[in-house]
Amino acid sequence: MKYILLMTGTRAGVESYRTWPKSDVEAHFRFLAKLSKELTESGEFVANEGLGSPEQAKVVKAGKDGLPVTDGVFPESKEFLLGYWIVDVETPERAYEIAARLSAGPAPGGNRTAMPIEVRQIMSRRTSEL
């Protein structure tokens, strides 16, 4: 089963990353690279990407003539999507374990980021998942 692990954050949280000491930023990215390597070696890794800032976000829908109508940007948003990981695992519990590891990534001062991670199954056309 494939799951998407959605990383969310706040503007204040993202701004705080910019004040981290360089060594803490490097440690955090080493942690993420190590986790990616482990998940790749176990065959569970599918993809991960960071996303642009909320200032770039637009909601698009089709207008009466079928042309795009956009709404946004949404700088007032309290929380926003930072990025995602896609994993292919046997059970939801395994996806939760991986999400907890992501959430526990290192932060300055020996702390953990405690970033909220939303876990959702990716639905396929297989009837058993719908």
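In which strand is the place of Thr-8? In this predicted model, Thr-8 belongs to strand β1, an element that covers residues 2–9. With a relative accessible area of 18%, Thr-8 falls under the 20% cut-off and is therefore classed as buried. Leaving aside residues up to four places away in sequence, its contacts are Phe-80, Leu-81, Leu-82, Met-115 and Pro-116.

The protein chain as a whole contains three helices and six strands. Their order along the sequence is β-α-α-β-β-β-β-α-β. The C-alpha trace extends over about 55 × 40 × 20 Å along its principal axes. Of the 130 residues in the chain, 28% are buried. When contacts between residues at least 6 apart in sequence are considered, 72% of them join residues at least 24 apart.

In soluble globular proteins, nonpolar side chains tend to be buried together. The largest nonpolar core in the present model has 19 residues, and the members that touch the most other members are Leu-5, Trp-85, Val-87, Leu-102 and Ile-117. Two or more residues of this core are given by each of β1 (2–9), α2, β5 and α3 (92–103). For Ile-117, the contacts beyond four places in sequence are Leu-5, Leu-6, Met-7, Ala-99, Leu-102 and Ser-103. Leu-5 and Leu-102, listed among these contacts, are also among the core residues that touch the most other members.

The largest pocket was examined next. Its space comes to about 540 Å³. A total of 19 residues line this pocket, and those nearest its centre are Tyr-17, His-28, Phe-29, Leu-32 and Met-115. Met-115 is also one of the residues touched by Thr-8. At least two lining residues are supplied by each of α1 (11–17), α2 (22–41), β2 (45–50) and β5 (80–88). Helix α2 provides the largest share, with four residues. By residue class, the lining consists of 13 nonpolar, four polar and two charged residues.

Note on methods:
Residues are numbered from 1 along each chain as its sequence is written. This is a predicted model: local features need pLDDT of at least 70, side-chain atom pairs count only at pLDDT 80 or more; totals for chains, interfaces and linings use all residues. Side-chain values use heavy atoms; hydrogens and water are left out. On a 1 Å grid over the protein atoms alone, a cavity is a set of points where a 1.4 Å probe fits but cannot get out, and a pocket is an open set with protein on both sides within 12 Å along at least five of seven lines; lining residues have an atom within 4 Å of a point. Grid points are joined across faces, edges and corners, and a volume is the space filled by probe spheres set on the points. Ala, Val, Leu, Ile, Met, Phe, Trp, Tyr, Cys and Pro count as nonpolar, Asp, Glu, Lys and Arg as charged, and the others, Gly among them, as polar. Buried means under 20% relative accessible area, exposed over 50%, partly exposed in between (1.4 Å probe, protein chains only). Contact means heavy atoms within 4.5 Å. A nonpolar core is a set of buried Ala, Val, Leu, Ile, Met, Phe, Trp, Tyr and Cys residues joined through side-chain atoms within 4.5 Å.
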